[in-house]
Each structure stands twice: as C-alpha cells, then as structure tokens.
Amino acid sequence: WMLEDMIAINQIEVLQPLMVILDLEPDNRAGYNLVAQLRQNPATKQVKVVALQTANPLEESPAETEVTVDGRLLKPIQPEQVLPCIFNLTVDSGSG
C-alpha cells in the first residue's frame, strides 16, 4: 500500500504488521519522519522497518543518521534479495 504518513501510522497501529517497507531517499524527508514516528509510538515501535534506497553512496542525507532501520534494499529491487531480507528480520523478531 502507498499511504500518507498519518494514515500509514493509523493502519500500522490497527494491522500490527511484523514489518513495513518504506521508500527512503535523501531528498525526501517524509520517509525519515515516518520512521521516526514509528519508533516513537509505543504501538508501532516494535515494527521492523526495511528501507528502499537508491544505490548511490554519494547521496547521503543527514536524516539517515537520525533514524534506524532494520534492513535495506537497494533500487532497483533484486527479487533474490527481498526474501532473504524479510526472512532474516522475521526470524529475529520470532526469537526476541
């Protein structure tokens, strides 16, 4: 689903998914704000966050250092990388 920040927070609170995948780009602060809101909200702070990011190490945003994500997938998405990322995060969440 593609949702606005507040709608996304509300949906995550209601649905309680194990993980969300967010598009995080250096020029788009909204994604970083959403991660920060998820981490601060007691109802969503346990949700794993996977960041979709462009593979450009020269483009770093100060916002990247302000939030913590649990996993990263580089764009364009390589299907063989998605399942191992999700598997590793869900295995970790089941043991903690």
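Author: A salt bridge here is a side-chain nitrogen of Lys or Arg within 4 Å of a carboxyl oxygen of Asp or Glu. The model is a predicted one, in which local features need pLDDT of at least 70 and side-chain atom pairs count only at pLDDT 80 or more, while totals for chains, interfaces and linings use all residues. Residues are numbered from 1 along each chain as its sequence is written, and side-chain values use heavy atoms, with hydrogens and water left out.

The structure holds three salt bridges. One of them joins the side chains of Asp70 and Arg39, at 2.8 Å from N to O. Asp70 is in the loop between strand S2 (48-54) and S3, and Arg39 is in helix H2, so this pair ties together parts 31 residues apart in sequence. Helices (H or I, at least four residues) and strands (E, at least two) are DSSP runs, numbered from the N terminus. Asp70 is partly exposed at 32% relative accessibility, and Arg39 is partly exposed at 25%. On this scale, buried means under 20% relative accessible area, exposed means over 50%, and partly exposed is in between, using a 1.4 Å probe and protein chains only.

Next comes Lys75. Lys75 forms a salt bridge with Asp23, and the closest N and O atoms are 2.5 Å apart. Since Lys75 belongs to strand S3 (residues 71-75) and Asp23 to strand S1 (residues 19-23), the pair ties together parts that are 52 residues apart in sequence. Lys75 is partly exposed, with 27% relative accessibility, and Asp23 is also partly exposed, with 39%.

Lys75 has a further salt bridge, with the side chain of Glu25, at 2.9 Å from N to O. This pair links distant parts of the chain, 50 residues apart: Glu25 is in the loop between S1 and helix H2 (29-40), and Lys75 is in strand S3. Glu25 counts as buried, at 12% relative accessibility.

To return to the Asp70 and Arg39 pair, its parts are 31 residues apart in sequence.

Lys75 has one more feature to look at in the model. A cis peptide bond joins Lys75 to Pro76, with omega about -5°. Pro76 lies in the loop between S3 and helix H3 (79-95).
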